Amino acid sequence: MRDIAVFSGSAHPDLAAEICDHLGVPLLPIRTSRFANDCIEVQLQANCRERDVYLIQPLVPPVQENLVELLFMLNAARGASAGRITVVLPHYAYARSDKKDAPRISIGGRLVADLLTTAGADRVLAMTLHSPQVHGFFNIPVDHLHALQELARHFRRYNLENAVVVSPDLGNAKEAAAFARLLGIGVAAGAKQRFADDKVVISTVIGDVADKDVIVLDDEIAKGSTVFELLDRLRERNVRSVRVACTHGLFAADAVQRLSAEKEIEEIVCTNTVPIPAQNHTEKLTVLSVAPALAEAMRRIHNGESVSALFHDA
């Protein structure tokens, strides 16, 4: 591919390298240094002038460090006369800050979108944003991918005659319904209320799940509070088995180990939009790669082809 330049921040270089392998282009070097006063400096160590530049950086812990590094990468690319700068955001952590649901709080999803634009982003390629409205926070083009096809290909290997997809809440029910259609099975949803970051209550499950093989679908799992609460309701309905699927496997506070310890849970499936530390790998964890999908989207953006056509290739 001509005139394309791909750089990675320090958040997830393994994913960036895999994307470049699929594109058949080199991952170009970057140097990040820190001054005595703790300020950072970023240098893109390859020519950017009039090139189609892609900066790959999921916003994962330490989120603020990785965000600032990305902003400096954008500033450096713009100062180097890049022809077009696309931010590849496999995980946009601030997407969860998408509304004012308490007095005097900030809407971080919109603020960070403005920061990325001001720093020099011309376009964003994102994967499974937390809610649809986040797409509209950006005043630049956004190509929004999802991992439903990767997840569906994995689950089609199983006998799904008695299976049902369950969304933990009504907010994710549309995605769960789309996933269920890909698998050709039914869908149900939990009635959830969130009282704090790690305090949720699911009063009931809407839909037929009794004696079913359940596939729980969520966009991300951090502490796992929602999944544990949903698991209690599923036990009450005497489900036959449970598999848990998500796009972003953050797995904070030993969440994956605690989920793996639940006897009803047969498998936990996530993608590599965020790095999965070695200590989080268990026998029940399966990690799928989204590098081919991101690489194909980048190729299509570079060549001026339709990205939405990717969603019709399931």
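# A guided first look

Trainee: Where is Ala 253 found?

Mentor: Ala 253 belongs to a loop. Helices (DSSP runs of H or I, at least four residues) and strands (runs of E, at least two) are numbered from the N terminus. The elements on either side of the loop that holds Ala 253 are strand S13 (241–249) and helix H7 (255–260).

Trainee: Before we go on, what kind of model is this?

Mentor: Residues are numbered from 1 along each chain as its sequence is written, and side-chain values use heavy atoms, with hydrogens and water left out. Local features need pLDDT of at least 70, side-chain atom pairs count only at pLDDT 80 or more, totals for chains, interfaces and linings use all residues, and the model is predicted.

Trainee: Back to Ala 253: is it buried or exposed?

Mentor: Buried means under 20% relative accessible area, exposed over 50%, and partly exposed in between, using a 1.4 Å probe and protein chains only. Ala 253 has a relative accessible area of 52%, so it counts as exposed.

Trainee: What is the phi of Ala 253?

Mentor: Most residues other than glycine have a negative phi. Ala 253 is not a glycine, yet its phi is positive, about 55°.

Trainee: Which loop holds Arg 104, and what is its relative accessibility?

Mentor: Arg 104 is another residue other than glycine with a positive phi, near 60°. Its loop runs between strand S6 (84–89) and H3. Arg 104 counts as exposed because its relative accessibility is 75%.

Trainee: What is the omega of the cis peptide bond between Pro 61 and Pro 62?

Mentor: Most peptide bonds are trans. Pro 62 lies in the loop between strand S5 (52–56) and H2. The cis bond that joins Pro 61 to Pro 62 has an omega of about -5°.

Trainee: How is H2 oriented relative to H3?

Mentor: Axes are lines fitted to C-alpha atoms, for helices over the stretch in contact, and angles run from 0 to 180 degrees between N-to-C directions. H2 (residues 63–79) and H3 (residues 108–119) have axes 8 Å apart at an angle of about 25°. Angles under 35 degrees count as roughly parallel, over 145 as roughly antiparallel, 65 to 115 as roughly perpendicular and the rest as oblique. H2 is therefore, relative to H3, roughly parallel.

Trainee: Which residues of H3 make the contact with H2?

Mentor: Contact means heavy atoms within 4.5 Å. On the H2 side are Leu 67, Leu 70, Leu 71, Leu 74, Asn 75 and Arg 78. Their partners on H3 are Val 112, Leu 115, Leu 116, Thr 118 and Ala 119.

Trainee: Are H4 and H5 parallel or oblique to each other?

Mentor: The axes of H4 (residues 148–155) and H5 (residues 173–183) come within 10 Å and cross at roughly 45°. That angle is why H4 and H5 are described as oblique.

Trainee: How do the residues of the contact of H4 with H5 divide?

Mentor: H4 brings Leu 148, Gln 149, Leu 151, Ala 152 and Phe 155, while H5 brings Glu 175, Ala 178, Phe 179, Leu 182 and Leu 183. Ala, Val, Leu, Ile, Met, Phe, Trp, Tyr, Cys and Pro count as nonpolar, Asp, Glu, Lys and Arg as charged, and the others, Gly among them, as polar. The division is eight nonpolar, one polar and one charged.

Trainee: What residue follows H5?

Mentor: Several residues of H5 are buried, among them Ala 176, Phe 179 and Leu 183. After H5 comes a residue with a positive phi, near 70°, and that residue is Gly 184.

Trainee: What is the relative accessible area of Met 298?

Mentor: Met 298 is in helix H8 (residues 291–303). Leaving aside neighbours within four places in sequence, Met 298 is in contact with Val 6, Ile 19, Leu 23, Tyr 54, Ile 56, Val 88 and Leu 125. Met 298 counts as buried because its relative accessible area is 0%.

Trainee: How far apart in space are Arg 233 and Ser 203?

Mentor: Arg 233 is in helix H6 (residues 225–236), and at 14% relative accessibility it counts as buried. Beyond four places in sequence, Arg 233 touches Ile 202, Ser 203, Thr 204 and Val 205. In sequence, Arg 233 and Ser 203 are 30 residues apart, and in space their C-alpha atoms are separated by 7.8 Å.
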